[in-house]
Amino acid sequence: MPRTYEPLATTTLTSVTQNLTFSSIPATYTDLVLVLSLRASTTASDAYFRYNNDSATNYSDTVLRGNGTTVSSVRDSNALGMDIGVTAVSTDISPFQTPTIINIMNYANTTTFKTALIRTSNSTAMVSAIAGLWRSTVAINTINIIHRGTGWDIGSTATLYGILKA
Amino acid sequence: MAIRSLKSGTFSRSGLVGNSVIMPGSYESIASSTLSSTTASVTFSSIPSTYSHLQIRISSRSSFAFASMFDSYLAFNGDNTYSGYKDHILYGNGASPTTVTASSYNLSYTTPGPTQTASVYNGVVIDILDYANTNKYKVAKFLGGADLNGSGNIVVGSILWPNTAAINQITLSCDGSFITGSSFALYGVN
């Protein structure tokens, strides 16, 4: 049986970083899994992720979320990036970070748009499940995880895995 | 921002520089299928009982035309009696979160068809825990769906198969058929 679920790269931030980027991703896997543990350096939790440094409005997402009181579903269309859910912020208990797992399906194919499945568990605010879409048939070779405020705090981590099918 | 190579421990500005293949050995590819023609169902058979858990990863689209995304199905060991299963689904469509349940094995509302945005295939990740244990009923949990830039669903679900038999066969199907380019991959997890 071929073994697969290979860690490709990882980072632990040593300075506040607004755009956490994995680049030069090879096209040799079937799916990608991105495991994030994030905390914003300010009270702003707004964040999204993009591919291939594409900053046009080619993204969209559908969100299902619950905050302990209310369950809701919202959508972003023709957006600048895909929602990753509500992350930990600077006023949260420390050293709490928010775990997020992003499954990027069939990322290297050049015939279909790219679908991602995102799960974020913020124990202090809300949990969410998200379907994201990049309307491009280009193979993904770069992932940008962007904080829309000052940046991700020191100690935030990100690890990228490649999954290969038989 | 420095990215650390997981193989060499060196740092660089590029995420993949210095990272050659690493084999952790706890997640193995068992079988896969990428469709070269429209196909009604995909079956993984003779699944060995040597793993702790299974994971199925799907990227698919169906030929079934409906106003919104519709269902795919997950059946174990050829049991497609439908009434033997039990599922619970929680999904969001961008407006109204909804929960449904049925005596069935539905991956509900996860699959786009010809009525939906072209070139969009869904994603579904299914985890089947303790699949070879003969002392308990079998449970699958899944996260699936697709965004269609203005419509689409995200779905969280669980399917119970009230049977203690070890799972050795899994059949995936949908309303209509899966179209060309749909892909299905089965993994064993230890």
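Which residues does K114(A) touch, not counting residues up to four places away in sequence?

Modeller: Happy to! First, the ground rules: this is a predicted model, where local features need pLDDT of at least 70, side-chain atom pairs count only at pLDDT 80 or more, and totals for chains, interfaces and linings use all residues. Residues are numbered from 1 along each chain as its sequence is written, while chains are lettered from A and ligands numbered from 1 in the order in which they are written.

Now your residue. Leaving out residues up to four places away in sequence, K114(A) touches Y51(A), I104(A), Y107(A), W134(A), S136(A) and I140(A). Touching, or being in contact, is when two residues have C-beta atoms, placed from the backbone, within 7 Å. K114(A) sits in strand 9 (residues 114-122) of chain A; strands are DSSP runs of E, at least two residues, numbered from the N terminus. K114(A) counts as buried because 29 other C-beta atoms lie within 10 Å, and the cut-off for buried is 20 or more other C-beta atoms within 10 Å of a residue's own. T137(A) is 23 residues away from K114(A) along the chain, yet their C-alpha atoms are separated by 7.2 Å.

Next, where the chains meet. The contact takes 55 residues from chain A and 52 residues from chain B. On chain B's side, strand 3 gives the largest share, 6 residues. By class, that side of chain B has 26 nonpolar, 22 polar and 4 charged residues. Here Ala, Val, Leu, Ile, Met, Phe, Trp, Tyr, Cys and Pro are nonpolar, Asp, Glu, Lys and Arg are charged, and the others, Gly among them, are polar.

Two strands pair if DSSP finds at least two bridges between them. Strand 8 and strand 7 of chain B pair in the antiparallel sense over 5 bridges, and I89(B) has V100(B), in strand 8, as its bridge partner.

How far to trust all this? pLDDT is the predictor's confidence in each residue, from 0 to 100. Chain B has a mean pLDDT of 90, and 86% of its residues reach 70 or more. Over residues 13-24 of chain B, though, pLDDT stays under 50. Where pLDDT is low, the predicted coordinates should not be read in detail. For the complex, the predictor gives an ipTM of 0.96 and a pTM of 0.92.

Terms used. Helix = DSSP H or I, 4+ residues; strand = E, 2+ residues; numbered from the N terminus. Buried ≥ 20, exposed ≤ 12 C-beta atoms within 10 Å, placed from the backbone.
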